[in-house]
Amino acid sequence: MIRGVKYSKGKTSSISINKVNLLRDTVWIDITTKDKKELKGLEKKFKLYSRDLEDSIDMHEIPRLASRKDYTFIVLRSLTDKGSSVPLGIFLSKRFIITVHPKEIKPLKKFFNVVLTKEGKEFFSRGQDFLFFKIASEI
């Protein structure tokens, strides 16, 4: 499942990745998938390393941080309802945050839905780093 929210002209609204314009919009794209093929579109659109995308859905991936040319890649782990944990890959740049995970993370889904409301502009207007820290604190 791929869903996106954009911040433009002081408002948030939902957006598909095909319509993202990184010259104009600031976006958060959230993807829940185990399918590497589904990640190919992201790789091309946002110029992400395929290995980073694959690591985001690798159930054995450990937390880490890597600086890339155009983004920072962060892997965190989030607890599930069943007491296990799943990886959460976060791609952070000046114009986008992309979260990639192999299973649904309920607190992340809940926060994503909040960002789509009027309150969402508060998180985006304070910068991508603020939004990242809020995402990290929610999981």
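Predicted model: local features only at pLDDT ≥ 70, side-chain atom pairs only at ≥ 80, totals over all residues.
Once its neighbours within four places in sequence are left aside, Thr 12 is in contact with Val 5, Lys 6 and Tyr 7, among others. Its contacts also include Val 115, Leu 116 and Thr 117, as well as Gly 120, Lys 121 and Phe 124.

The protein chain holds 5 helices and 7 strands, which follow one another along the sequence in the pattern β-β-β-α-α-β-β-β-β-α-α-α. A compact globule of 139 residues would have a radius of gyration near 14 Å, and the chain agrees with this expectation because its own value is 14 Å. Along the principal axes, the C-alpha trace spans about 40 × 30 × 25 Å. Of the 139 residues, 44% count as buried. Among contacts with a separation of 6 or more, 52% come from residues 24 or more positions apart. The chain exposes about 7,800 Å², and carbon and sulfur atoms supply 53% of that area.

A search of the whole structure finds 11 salt bridges. One of them joins the side chains of Arg 3 and Asp 30, with an N to O distance of 3.4 Å. This pair links distant parts of the chain, since Arg 3 sits in strand S1 (residues 2-8) and Asp 30 in strand S3 (residues 26-32), 27 residues apart. Arg 3 counts as buried at 15% relative accessibility, and Asp 30 is likewise buried, at 3%.

The side chains of Glu 61 and Arg 64 meet in another salt bridge, at 2.7 Å from N to O. Here Glu 61 counts as buried at 10% relative accessibility, whereas Arg 64 is partly exposed at 27%. Both residues also belong to a network of salt bridges that links Arg 51, Glu 54, Asp 55, Glu 61 and Arg 64. A further salt bridge is formed by Lys 109 and Glu 104, whose closest N and O atoms are 3.3 Å apart. In that pair, Lys 109 is partly exposed with a relative accessible area of 34%, and Glu 104 counts as partly exposed at 42%.

Most residues other than glycine have a negative phi. Lys 9, although not a glycine, has a positive phi of about 55°. Lys 9 is placed in the loop between S1 and strand S2 (11-14), and at 80% relative accessibility it counts as exposed. Lys 47 also has a positive phi of about 55° without being a glycine. The place of Lys 47 is in the loop between helix H1 (40-46) and helix H2 (50-56). With a relative accessibility of 61%, Lys 47 counts as exposed.

Definitions and conventions:
Residues numbered from 1 in each chain as written. Heavy atoms only, no water. Salt bridge = Lys/Arg side-chain N within 4 Å of Asp/Glu carboxyl O. Helix = DSSP H or I, 4+ residues; strand = E, 2+ residues; numbered from the N terminus. Buried < 20%, exposed > 50% of the residue type's maximum accessible area, 1.4 Å probe, protein only. Contact = heavy atoms within 4.5 Å. Rg over C-alpha atoms; globule rule 2.2 N^0.38 Å. Areas by Shrake-Rupley, 256 points an atom, 1.4 Å probe, with all protein chains shown as cover.
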